[in-house]
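The following exercises concern one protein model and its geometry. Please work through each task before reading its solution.

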Amino acid sequence: LLREKGFKGNVHLSFQSRVGPAKWTEPNTIDKLQELGKLGIKRVAIFPISFVGDHLETLEEIGEQLKEIAIHSGIQEYY
């Protein structure tokens, strides 16, 4: 659907909200952002697709914590 609308970028799927030492679904969003930064990606847009309707903690994680990680990884624009 994105391609039909003219989107020419890349799409990546990652997972967040890992807590504790237990194995979590991968790839982790933190790892993905760091990887993209190392690849020289300068702009990302994060679209949460579930678990955000009533979880302010998750919205804060996506909007603030992950943004800081992205910027420190070399990404210049985080949406």
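This is a predicted model: local features need pLDDT of at least 70, side-chain atom pairs count only at pLDDT 80 or more; totals for chains, interfaces and linings use all residues.

**Exercise 1.** Describe the overall architecture of the protein and its surface.

*Solution.* 
Step 1: The secondary structure consists of 2 helices and 2 strands, and their order along the sequence is α-β-α-β.
Step 2: Of the contacts with a separation of 6 or more, 53% join residues 24 or more positions apart.
Step 3: The protein has 79 residues, and 22% of them count as buried.
Step 4: The accessible surface is about 6,300 Å², with 57% of it belonging to carbon and sulfur atoms.

**Exercise 2.** Identify the buried residues of helix α1, state how they are arranged about its axis, and examine the ends of the helix.

*Solution.* 
Step 1: Helix α1 spans residues 29-38, and its buried residues are Thr29, Lys32, Leu33, Leu36 and Gly37.
Step 2: Viewed down the axis of α1, these residues fall within an arc of 135°, so they line one face of the helix.
Step 3: The packing partners of the buried residues of α1 are β1 (43-44), α2 (56-72) and β2 (77-78).
Step 4: At the N-terminal end, α1 is capped by Asn28, with a side-chain oxygen 2.7 Å from the backbone nitrogen of Ile30. After α1 comes Gly40, which has a positive phi, near 90°.

**Exercise 3.** Which residues make up the largest nonpolar core, and which element gives the most to this core?

*Solution.* 
Step 1: The largest nonpolar core has 8 residues: Leu33, Leu36, Val44, Ile62, Leu66, Ala70, Ile75 and Tyr78.
Step 2: At least two residues of this core come from each of α1 and α2, and α2 gives the most, with 3 residues.
Step 3: Consider Leu66, leaving aside its neighbours within four places in sequence: Leu66 is in contact with Thr29, Ile30, Leu33, Glu61 and Tyr78.
Step 4: As general context, nonpolar side chains tend to be buried together in soluble globular proteins.

Notes. Residues are numbered from 1 along each chain as its sequence is written. Side-chain values use heavy atoms; hydrogens and water are left out. Helices (H or I, at least four residues) and strands (E, at least two) are DSSP runs, numbered from the N terminus. Buried means under 20% relative accessible area, exposed over 50%, partly exposed in between (1.4 Å probe, protein chains only). Contact means heavy atoms within 4.5 Å. Accessible areas come from the Shrake-Rupley method with a 1.4 Å probe; for residues, only the protein chains shown count as cover. The arc is that of the directions from the helix axis to the C-beta atoms. A polar contact is a pair of N or O atoms within 3.5 Å; within protein, one must be able to donate a hydrogen and the other to accept it, and residues adjacent in sequence count only if both atoms are side-chain atoms. A nonpolar core is a set of buried Ala, Val, Leu, Ile, Met, Phe, Trp, Tyr and Cys residues joined through side-chain atoms within 4.5 Å.
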